[in-house]
Each structure stands twice: as structure tokens, then as C-alpha cells.
Amino acid sequence: VAVSTLPSGSLPTTNLLRGEANTVGRDAQELVPIPRPTVSRQRATDASWGAFLGGMGAVLSMTCAALGAGYGMSKASLGVVSLCNLAPSAVLRGMVPVVMAELLGIYGFISSLNILGSFDIHKYTSFAGYLDFGAGLTVGLSCLVSGLSIGAIADANLRSYGIYARRSERAKDAKENKESKEGLAASAPPSYGTVGHIQQGPPEVDPEQERQASNRVFTAMILMLIFAEGLGLYGMIVGLLMHNAAGQPVPARVIEHVPVAPVIETP
């Protein structure tokens with residue numbers, strides 16, 4: 001800002017409160033503008049800081065949710081591979097944890113879309129940015145913890161479920177083979193004579209009991225997965241409530257606050 005030279009014996013007249021041009025000296029004819037922060041500049045700064053916070057909230061929401069979903073799906077896939085080796089007929093049941101882990105990524109995606117959809121340079125403030133940052137962090141961390149839980153639960157329970165399902169299938173096959181042998185022995189003609197000694201094999205396993213045991217393991221796994229999935233769902237609900245609170249109007253005195261400077265006048 002160019003400032004003119006003051007004549008000797010003159011006193012400056014300033015008005016910092018109103019920000020008006022002030023006459024310097026009694027005999028001076030030039031006007032000296034007094035620089036001061038404008039409301040539009042403060043709004044732009046406030047919107048820029050709020051956009052940064054909101055953008056970081058969207059990034060954390062999507063990134064942490066994707067990490068949780070990826071870990072959960074990878075651990076659940078290990079259990080599905082083990083289930084393929086133990087009981088191939090039960091592979092479709094093993095896909096349930098994979099689907100539930102994928103839902104965590106959808107939670108983070110929805111939260112990020114809500115935050116990014118509210119960006120407006122004329123309305124977005126640092127107040128909204130702070131709340132959206134907290135909302136994104138809440139959703140992201142909740143989905144991350146939920147993904148860790150789902151992965152551990154799925155890997156352990158699918159292996160156990162595969163063992164029981166395999167034993168049930170083997171017991172069912174053994175029972176069918178025994179019934180077929182008994183039917184052949186009963187239909188054999190008497191000229192073949194009688195069997196004097198029957199070799200004792202391992203104790204028979206009831207296939208119905210093994211099937212019920214595998215169903216109990218699967219039911220327990222589903223319940224644990226639902227509780228683990230609830231962690232991410234709770235985080236998404238809280239994040240949506242925080243995002244809705246960020247959309248409420250902020251009082252003008254909070255946005256347009258300008259420090260008041262003293263007024264200096266000359267007699």
C-alpha cells in the first residue's frame with residue numbers, strides 16, 4: 001500500500017473500525033487506504049480449512065473401511081480354501097463371511113459420498129469440517145475394527161465347520177456302504193454258506209449327530225459375525241448423525257467476527 005509523505009506538524013486521522021479512507025494532515029489532499037481483513041477473505045479461509053478437514057474425513061472413512069474389509073475378506077478366504085479341502089459341498093456357506101466383510105467397504109463408501117456431497121465454498125465452514133472429519137474417522141475406525149473381528153472369526157470357525165462337515169459326509173457314506181453290504185449278504189443264496197467271523201472295524205459314527213454338530217458351529221459363526229458386523233454399522237450410524245449436525249447453520253457472529261480496533265481521531 002502506497003503511503004504519502006506527511007507534512008510537518010500534521011497528525012494522521014485513522015478509523016480502523018470502519019476501514020474507511022482517511023485524510024492525512026490538514027493540508028494533505030491524498031487519501032491513504034488502511035488495509036484490514038475483509039469478511040469475504042475470512043469466509044474463504046474458513047471454507048478452505050473446513051474443506052481440508054472434510055476431505056481428510058472422507059479419505060479416512062474410505063481408507064480405513066477398505067483396510068478392514070480387505071483384511072476380513074482375506075482371512076475369510078483362507079477359511080473358505082480350507083473348507084474346499086475338507087467339505088467341498090459346503091463352500092457356498094463359507095462365502096457368508098466374505099460378503100459381510102465386503103459390507104464394511106460399502107459403509108465407508110457411503111460415508112465418504114455424504115461428506116463430499118456437502119462441499120460448497122459459500123456454505124461450508126470449519127465447523128462443518130470438524131464434524132465431518134470426526135464422522136469420517138468414526139466410520140473408518142469402526143469398520144477397521146469390525147473387519148479385524150470378522151476375519152478372525154471366519155478363519156477359525158470355517159475350519160471347525162469344515163471338519164464337522166467332512167466327518168458327517170464320511171459317516172453318511174459309511175452308513176450307506178454298510179447298508180448296501182447287508183443287503184447283498186441278505187440276498188445271497190444259501191449255497192455260499194455262512195460267515196463264521198466278522199471283522200470288527202472302528203466304531204460307527206452317526207451321520208445325523210455330525211450334521212447337527214456342523215450346523216451348530218455354523219449357527220454360532222453367523223451370530224458372532226453379526227455382532228462383529230454391528231461394530232461397523234454402529235460407527236456408520238454415528239457418522240451419519242455427525243454429518244447431519246454439520247449441516248446446521250452457524251451464527252453469523254461466529255463466521256464474520258472481526259477484531260475491533262481503537263479509533264484514533266485528531267482534534
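This dialogue goes through some features of a predicted model and how to read them.

Trainee: Where do I start, and how many helices and strands are in the protein chain?

Mentor: Start with the overall make-up. The protein chain has six helices and four strands. Along the sequence they come in the order β-β-β-α-α-α-α-α-α-β. Keep in mind that the model is predicted.

Trainee: What share of the residues in the protein chain is buried?

Mentor: Of the 267 residues in the protein chain, 32% are buried. Here, buried means a relative accessible area under 20%.

Trainee: How do I read the span of a helix, taking H3 as the case?

Mentor: Compare the distance between its end C-alpha atoms with the value expected at 1.5 Å a residue. Helix H3 covers residues 96–117, which is 22 residues. From first C-alpha to last it reaches 32 Å, close to the expected 32 Å.

Trainee: Which residues of H3 are buried?

Mentor: Among them are Pro97, Val98, Met100, Ala101, Leu104 and Gly105. Further along H3, Tyr107, Gly108, Ser111, Ser112 and Ile115 are buried too.

Trainee: What does UniProt list as "transmembrane region"?

Mentor: The unreviewed UniProt entry lists residues 49–69, 90–110, 130–154 and 217–242 under that name. Such an annotation may be inferred rather than shown by experiment. Residues 130–154 are 100% helix and 0% strand, with end C-alpha atoms 36 Å apart. Residues 217–242 are also 100% helix and 0% strand, and their end C-alpha atoms lie 38 Å apart.

Trainee: How do I read a pair of aromatic rings?

Mentor: Two values describe such a pair: the distance of the ring centres and the angle of the planes. The structure holds three aromatic pairs. In one of them, the rings of Trp49 and Phe52 have centres 5.5 Å apart and planes at 25°, so this pair is stacked. The cut-off for stacked is an angle under 30 degrees.

Trainee: Where do Trp49 and Phe52 sit in the chain?

Mentor: Both belong to helix H1, residues 39–86, and are three residues apart there, about one helical turn. The general idea is that an α-helix has 3.6 residues a turn, so residues three or four places apart point the same way. Trp49 is partly exposed, at 40% relative accessible area, and Phe52 is partly exposed at 45%.

Trainee: How are the rings of Tyr161 and Phe218 placed?

Mentor: Their centres are 5.5 Å apart and their planes meet at 45°, so the pair is tilted. This pair links distant parts of the chain, with Tyr161 in helix H4 (residues 126–187) and Phe218 in helix H5, 57 residues apart.

Trainee: Are Tyr161 and Phe218 buried or exposed?

Mentor: Tyr161 is buried, with a relative accessible area of 5%. Phe218 is buried as well, with 14%.

Trainee: How do I read a salt bridge?

Mentor: Side chains of opposite charge can pair when their charged atoms come close. The count here is two salt bridges. One joins Asp155 and Lys75, with N and O 3.4 Å apart. Asp155 lies in helix H4 and Lys75 in helix H1, 80 residues apart, so the bridge links distant parts of the chain.

Trainee: What is the other partner of Asp155?

Mentor: Arg159 forms a salt bridge with Asp155, and the closest N and O atoms are 2.9 Å apart. These residues are four apart in helix H4, about one helical turn. Through shared partners, Lys75, Asp155 and Arg159 form one network.

Trainee: How accessible are Asp155, Lys75 and Arg159?

Mentor: Asp155 is buried, at 12% relative accessible area. Lys75 is partly exposed at 22%, and Arg159 is partly exposed at 36%.

Trainee: Which residues make the nonpolar surface patch?

Mentor: The patch is made by Val145, Leu231, Leu233, Tyr234, Ile237 and Leu241, and covers about 560 Å². Helix H5, residues 207–246, gives the most to it, with five residues. Leu241 is found in H5 and is exposed, with a relative accessible area of 56%.

Trainee: How far apart are Phe127 and Ala246 in sequence and in space?

Mentor: They are 119 residues apart in sequence, but 6.9 Å apart from C-alpha to C-alpha. Phe127 lies in helix H4 and is partly exposed, at 33% relative accessibility.

Conventions
Residues numbered from 1 in each chain as written. Predicted model: local features only at pLDDT ≥ 70, side-chain atom pairs only at ≥ 80, totals over all residues. Heavy atoms only, no water. Patch = residues over 30% accessible without salt bridge, like charges linked within 9 Å, V, L, I, M, F, W, Y side chains within 5 Å. Areas by Shrake-Rupley, 256 points an atom, 1.4 Å probe, with all protein chains shown as cover. Salt bridge = Lys/Arg side-chain N within 4 Å of Asp/Glu carboxyl O. Helix = DSSP H or I, 4+ residues; strand = E, 2+ residues; numbered from the N terminus. Buried < 20%, exposed > 50% of the residue type's maximum accessible area, 1.4 Å probe, protein only. Expected span 1.5 Å × (residues − 1). Phe/Tyr/Trp six-rings, centres within 6.5 Å; stacked < 30°, edge-to-face > 60°.
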